[in-house]
Structure formats: C-alpha cells, structure tokens
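Student: I would like to learn how to read a model with two chains, one step at a time. Could we begin with the overall fold and then move on to the places where the chains meet?

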Amino acid sequence: MTGSLSAIDLSVRYETPHGAVHALRHVDIEAHPGEVIGIVGESGCGKSTLVTALANLLPANARIDGSISYNGVDLAKLDAHHQRLLRGDEIALVSQDPMTAFNPVLTIGDQLVDFQHHRKDLGRAQKRARIAAMLGRVGIADAERRMNSYPHELSGGMRQRVAIAASLLTDPGLLIADEPTTALDVTMEAQIIHLLRELRRDYNGIIIVVSHHLGVIAELCDRVYVMYAGEVVEGGEVDAIFHDARHPYTQALLACDPARFHERLDRLPTIPGSLPNLTQPPMGCVYAPRCDRAFAPCGSVAPPLVKLSASHVARCHAVTP
Amino acid sequence: MLAYAVKRIGLGLLILVLVMIAMYAAVFLVPGDPATVALGPRATPELKRLLIERMGLDQPVWWQIVEFFRNALTGNLGYDVWSNRPVSTLVLEALPNTLILGLTALTVALLIGVPLGCLSVMRRGTTADAIIGVLSVGVIAVPSFVVAIYSLLLFAVTLRWLPAIGAGEAGDFVSQAKALIMPAAAIALGWIGYIARMVRASMMEVMGEPHIRTARSFGLPEWKIVSKYALRIAIIPTISLVAVGLGSILSSAVFVEAVFARPGIGKLITDAVNTRNYPVVMGTVLIMTAIYVSITIAADLLIARLDPRVRDVFRG
C-alpha cells in the first residue's frame, strides 16, 4: 500500500525540568509515492525530531501540535496501539548507527524474523527465505550463513545493509533513513548510496533521507527540505536548491561544503555564530542573528513562506518571487 | 570456550585448597585446647590425648592438610569424633535437605522477582512501579530469621496450618512439601526484592539502548521487547548476583534450619562447631565450598553462553 505523506503546521516540543524545548516549529512538508525526499541541516536543527515524529517514536516527554497525515490518516491523533501497528508495516525506519542498531545477543536471522511479525500469513521458514532473498538483494553474499551471525560479527557497512534489508522486508509505504551513512567511512558511504539508488528503482513508496551531508542528498533525492533551528527554511527540487538557493542559510550551507571548492583553501569557511536557544525561540527570523543580509523586520517579525515556483519555497524577508 | 572452562575449573580447585588451608590455620590459631573444650574440665589426660589423636591434632598442621586432601581424593573425609560414622555419609545425608531448601527458595525468588522487575520496567513511573520498589526494599531489609520466627508464630502456632519443625515424614511428599514452605519462604523473601530491583535497574539501562528503539521502530509489542530483547541482556548481571548470593542463601539456611530444627548442612555444621567435632566441620566446609565454587563456574559458563560477545572473547 502506498499513499502520500504530509505534515501540516507540525510543532514538537520536549518538556524538560528546565522548560520546554521547541525542537520543531510550524513545519510543512509533503511527499508522494515514488519520491525521495531529503532533509538537510546542521546538528540540532530538528531533522531527527521530524523523522522520529513521522515514525511515531518520539519519547514520552514530547508534545505534538499540528498534523501528520499519511494515506489520509492523522498519525498524530492515533492511539499508541494503532501507531505500533503502522510501525514495521507501513512505516519503516533505518536507524542512524548500524553499530548499535541490532540486539547484540540475538542472531541477525532471529531479529529479522521477529521484525516481520505483522506478516501473520507467513511461517518461520517462509520468513527466513524472504530474509535470505532480501540479504542477497542488498549485496550480502553468503546470506544463509550471515543469518546465523551475531551483529558484532558483521562489519559496519554490512550491518547497514542488513538494516536496510530489514526495513525493506516489511514492504513499507514510507521508508525513513535517518543519517544512513554518517557512521560509515567514505568507501562504505559510497556503496550504501549506490545501494539506495538501485533500490529506489523498483520501490514505489516514499523514501525520506536525513543527512547533514549535502553530497548524499544531491546523489539520492528528488526534493529537499533545508532545516534550521527547528524550522524548514527552504524547500524545493534538488536542482533548484543546489543551483538556485535563495535563503541566506542554504547559500551559506552550500558555501561551506568542501566538496564544492574548486581550489585549495587555507581556512575552511564557516557560518559565524551558533544555533539559537530553543527553549526561547526568537520572535523574528531564527537565522537573523547569523545572517549577513538581515535588515529591520528580521529581528522582530517572523518571515512568511515565500513561494518562488510551483515547488520552491523559502522562509525569508529578503527573498522575493 | 573449552579453554575458558578449564581455566575456570583450575581456579576453582585452587580456591578449594586455599579455603581448607585457611580452615586448618583457624583451628591452629584458635586459643584453647579443643579436647578440653569438647570433653569438659573433668576429663582425664588419657581421654584428652586419645581425642587429640583421633582428630589428628597431634600432627604438624601442614601434614594434616596434606593428609586431608589425600584422603579426600579417595572419597574419605574422615570420621565423626563422637559417632565414628564417616563424614561423607553425614554430609550426603544432610545435603539433599539443604539443597532442596536452597534451590526451592532460589527458584521461587527468580519466578517472582524477575517478572516483578519486568513489570516495573513496563509500568515505569506508575504507582505499580512505586509499590514494587517500596516492597522490594522492604523485604530486602528484613533478615530471613525474623521472617522465619514470625511465620512460625503465625502459621504454625496461631493458625496451625503448617508444621513448626522438621523436614516432614520420609517418603510422604505432601508432608515434606508442607515442611518446606516456611523455611523456603523465609529465605526467598529478601531475594525476591533483590532480584526485582536488579532486573529493573539493569533493564532500565538496556531499554535506553538504540537496538531497543530499532525493535520499537518495527512495531514489536512492548511485552516482547521486554521479555526477549531486553531481558536476555538484563538477566546477565542478575545471574552473577544470584551465583554470588548462593553463598549467602546457604548461610541463611544455617539460621533457618536452626529455627525450624530442620535437618541439613546448616544444622550439621552448627552442631559440629559447638562440639568441636573438627573432622565434620572440615568435611562439610570442603563440600560446601566445592558446591559454591561449582555454582560460580556454572554461572560464568551460562553468561558466556547467553552473551555471544563474552563467548568470543574467550574463544581466541
């Protein structure tokens, strides 16, 4: 089953003893079957909170406002039981760190059999056969033997392949890959990106890829959302974002990507300043304190979402269509 | 794994030898003449000399130890000074009663304590969790002989539901089981609390690990995550605790057997110490140490079996 996903005016805050942390504010995103959506931003910008909310895995101290609609169902309003029924069936999450993603005392095969628990129509032998086939598909040779291995007996790259195989086994309509290559070295990263590109050819659900690595997003995605301090500051087609970025933050982020330098630099460029304190988000634009194009209204008035083309939007006072 | 097992067993044998050397050193160092204490002040010198010879106390200490182990290797643990019966027979008669008592107590404690710990984790932060926490600390704080005496007063004296003393009629299972209830409960109660708290603490830690999030992200039901994914890891420290605690279970059996006048190792060893019956003390201590050491080794091997990472460390 496949359906569209949209988050409308989605806000998430974490209640802590030191006050509420507004991790996500007024986020609008949408995704359609067959699309690969990228979410990019620096550490602490709310990427993980966003996908954790989409996968219904927020911790108990999180409060959600707004709606997450998947296939016509509002996920934010479902009770815990129905949320659980969607996880591992309609919605699958490939987690961040393949080193710690699997239970260390159970074999890979044992865990992957359990992960197919929604498939009541399959017996254990059938589930194991599906695992073997899927492990082969993600490029693991000797799948039968690997199923009897424990996680620590596999390399990091292999574990990430197993993690991807695990999520594909459930035939999800929505596949979320949270930093799928962050914990891997560059060779492994290239291999995993190659694998994801191959897999998307015969997958017709939605894939959401989270990364702070611009190259990964450019390689994999159709559309990109750029996040900063819990807000989506710019969104659009990959080409539009990488070649015609309009938001000052996106431009600064691109300017800091070492892969895009043509000559050797003495110092790597950085964006001066740091993220605002999310317990007290600023009244105006979240990026204003670090922005070199900030002017009068930026400090006090929240910027509107400016529509630049059919799919290209930016949240900035300085941008005009 | 085999090399690991051999190493552990070798270490266990070394512990046995060291314990026995310490025991003999203690007898040697304790002031007073054991024969005078045992026979009383009016004993004749001939009688005292005879007793000292029978206990082998006229030999040098190192020779006594060597003799003891040489005999022990052939299954001879010496003879009871008073009844002249072989110590091995006395121990073998008493041992089943104590083992049944200890193992029943431990099984009951595990069967109640582990699920309580799991329940605490599944209902963390709720009233149920708080009640389990308070009760656990409460029962840990009550010594087993206090439980023994009060349950004796309530169930044996006032209500007359259960027998007050003994281990039940030989061959009558119902009577033996009834005689087992109070002593086993007296030992188990504190351990239920220990195990529940231990399981809760180590499981809370495991529940925060990323692989639990993975299991959740696949929508596995919470009871399955707790009972399969978390418990397999969280039970490991509990196994170590229980293995070490078996020593204290056996020593609380000494008190409990005394309160309920229940035949067993505890009663055997208290009586032997009171009458300075050294061969019986030595033989019993040897057997108890051997049991304790084997349980510790068994627990280590079980942990290696449960955790493939430990297994691999010792494979190489």
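Student: In chain A, what percentage of the contacts with a separation of 6 or more is accounted for by residues 24 or more positions apart?

Tutor: Keep in mind that this is a predicted model. Residues 24 or more positions apart account for 64% of those contacts in chain A, and buried residues make up 45% of the 321 residues in that chain.

Student: How many helices and strands does chain A have, and why is chain A said to be as compact as a globular protein of its length?

Tutor: Chain A has 10 helices and 12 strands. Its radius of gyration is 20 Å, close to the 20 Å given by the globule rule for 321 residues, and therefore chain A is as compact as a globular protein of that length. Along the principal axes, the C-alpha atoms of chain A fill a box of roughly 65 × 50 × 40 Å.

Student: How far does helix 12 of chain B reach, and which of its residues are buried?

Tutor: One compares the span with the value expected from the residue count. Helix 12 of chain B (residues 278–306) has 29 residues and reaches 42 Å from its first C-alpha to its last, close to the 42 Å expected at 1.5 Å a residue. Its buried residues include Tyr278(B), Pro279(B), Val280(B), Leu286(B), Asp300(B) and Ala304(B).

Student: What domains does the assignment give for chain B?

Tutor: The assignment gives domain 1 (2–73) and domain 2 (96–274) of chain B, and 35 Å separate their centres, taken over C-alpha atoms.

Student: Finally, how many residues does each chain bring to the contact between chain A and chain B?

Tutor: The contact takes 17 residues from chain B and 23 residues from chain A. On the side of chain B, the elements giving two or more residues are helix 9 (210–217), helix 10 (222–259) and helix 13 (308–315), and helix 9 of chain B provides the largest share, 6 residues. The residues on this side of chain B divide into 7 nonpolar, 4 polar and 6 charged.

How values were computed
Residues are numbered from 1 along each chain as its sequence is written. Chains are lettered from A and ligands numbered from 1 in the order in which they are written. This is a predicted model: local features need pLDDT of at least 70, side-chain atom pairs count only at pLDDT 80 or more; totals for chains, interfaces and linings use all residues. Helices (H or I, at least four residues) and strands (E, at least two) are DSSP runs, numbered from the N terminus. The radius of gyration is taken over C-alpha atoms; the globule rule is 2.2 Å times the number of residues to the power 0.38. A residue is buried if 20 or more other C-beta atoms lie within 10 Å of its own, exposed if 12 or fewer, and partly exposed in between; C-beta atoms are placed from the backbone. Two residues are in contact if their C-beta atoms, placed from the backbone, lie within 7 Å. Ala, Val, Leu, Ile, Met, Phe, Trp, Tyr, Cys and Pro count as nonpolar, Asp, Glu, Lys and Arg as charged, and the others, Gly among them, as polar. The expected span of a helix is 1.5 Å times one less than its number of residues. Domain bounds come from an automatic or database domain assignment.
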